[in-house]
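I opened a new page for this protein. I wanted to look up a few things and write them down as I went.

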Amino acid sequence: MPAFPLLYYHNQGINVPMPDSIPPAAERIQQLAAWIDDHRHLWEPRAFIAERLPWEKEWPLLAEWLRGLSDDEIDRLDAGLGGMGGSETRFPTTRDAGPPPRAASGPDAFAMLAAASRSVSALPRLRAVTPSALAGQAPPPRLLRHQVPARKWSQIQAFVSVSAPLWRSGTTRIVEWCSGKGHLGRLAGWASDLPVLHLDRQKALLAAAERLDRAAGVTGTIREADALTAGAWEEFGPGIGALGLHACGALNDALLEEGARRGAAWLIAATCCYHKSQLQDGFYLPRSNTGRRCDLRLDKHQVRLAIYDEVVARPRMRRARRREMAYRAGFDLLHRQATGTDSYASAGPLPPQLFRLPFGEFCAAVQERTQLELPAAFDASQALVAGEEWARRTRALGLIRGVFRRPLEVWLLLDRVCRQEEAGRKVVFGTFCHPCVTPRNLALISTPT
Ligand SMILES: C[S@@+](CC[C@H](N)C(=O)[O-])C[C@H]1O[C@@H](n2cnc3c(N)ncnc32)[C@H](O)[C@@H]1O
């Protein structure tokens, strides 16, 4: 293998520098599970449900400080969670990451929890080589990024870069799993000079992939197939390198499982939407035996916490999300008032256009759909102000749940790492880009031993 120039993407201290000895995944997953489970009382209760959360009694100073935060302060603190910083150099262990003392001030207690979260979820950056370094120093032609939004392009470059050290190890073809229009595979094909197969179930996306490949001069083929069926898995085998970027839960799990079973030369997966992985009786079913032994019970909503961040959401999306939260909260408060109960009644999934209505009309429309009781008469603007306030408070107290987002995501990654190891594969794992490019920046690389 030639001596490729190594490059670490976005070298901005995203994650904690790793010490020399890193405990094996099988050990770490158990420690992390124990830490997450020990703190269940902090991350399990959801703030929109009750006026007071059980942990507020234990940390009154923390609760009071959080309740007083403005929207901007909440945003800032939230952005600091999820692998965004950290200067610890010790390997985490959960021993160092106990809950803060009760007497700690609000900001101190929060900082301690956030530091513990960073510490237990510390990961190294994956080794990377720039695509242009491999393709004779030429930067990728503009055609390759045709129709690719800027941040997606950064993600793709970073992901291709971590695959580069593997190309020469007997790879005969790259399979791009759940490819969409194939932007990722196209860049990999261009930089590696290997043929690429884009696999997806959407014909129109594959047709676009084919067109774009031709225009960029990349040797690409397409395969329309359901990634969850055996027909698609035939594409794996010795000599095959497979890329799975943000294929949701079960789709990437199929890539890892079937790619390993069929002896693929290498597999690289960055998963998202872990809650779309296989469930059993409504609970997350760990992929690995070691994961199962951790006995960390997580229902679908709790697994979803791992991806519940909005670090890179556009301001328009954030505003829409705030409005939705305020509308739902306002409706819920009216329902509580009408029924004299103090429990949350979910209005369930609602079409986005309802949230564009004035609040009074929204309430009428939701009441008609759900038959949930509302007061016979109410002042819609006052009810909306109350909803906004409840939503702000929910977000503020929800910062405590946010602390557990990244540890949970790392635990889910470790479960996949352990599964690959149990299948007899060698695995490295870590971050492939800065979280401001995508918060789903964790990936694993699996090769035969
Ligand atoms: C979130 S996109 C990711 C696309 C691409 N990997 C990327 O990072 O831009 C998910 C893709 O998975 C495809 N997909 C969803 N379910 C699938 C299935 N069962 N079989 C094959 N492809 C599927 C969708 O058509 C879509 O193109």
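**Entry 1: ground rules.** I noted that this is a predicted model, where local features need pLDDT of at least 70, side-chain atom pairs count only at pLDDT 80 or more, and totals for chains, interfaces and linings use all residues. Residue numbers start from 1 along each chain as its sequence is written.

**Entry 2: the whole chain.** I looked up the helices and strands, which are DSSP runs numbered from the N terminus (helices are H or I, at least four residues; strands are E, at least two). The protein chain has 17 helices and nine strands. Next I checked burial. A residue is buried if 20 or more other C-beta atoms, placed from the backbone, lie within 10 Å of its own. Of the 449 residues, 46% count as buried.

**Entry 3: strand β2.** I picked β2, residues 196-200. Five of its five residues are buried. Which residues lie on each face? V196, H198 and D200 are on one side, and L197 and L199 are on the other.

**Entry 4: neighbours of β2.** Two strands pair if DSSP finds at least two bridges between them. Strand β1 (residues 173-177) runs parallel to β2, and four bridges join them. One pair I found is E176 with its bridge partner H198 in β2. The chain gets from β1 to β2 through helix α8 (residues 183-192), in a right-handed β-α-β crossover. Right-handed means that, with the strands pointing away from the viewer, the path from the first strand over the helix to the second runs clockwise. I then turned to strand β3 (residues 220-224), which is parallel to β2 and joined to it by five bridges. There, E224 stands opposite D200.

**Entry 5: the ligand.** How many residues surround the ligand? I found 15, and the closest are C178, G180, R201, A227 and L245. To count, a residue needs its C-beta atom, placed from the backbone, within 6 Å. Strand β4 (residues 240-248) gives the largest share of this shell, three residues.

**Entry 6: helix α7.** I checked the length of α7, residues 150-163. Its 14 residues should span 20 Å at 1.5 Å a residue, and its end C-alpha atoms are 20 Å apart, so the two agree. The expected span is 1.5 Å times one less than the number of residues. Among the buried residues of α7 I listed Q155, F159 and S163.

How values were computed. Buried ≥ 20, exposed ≤ 12 C-beta atoms within 10 Å, placed from the backbone.
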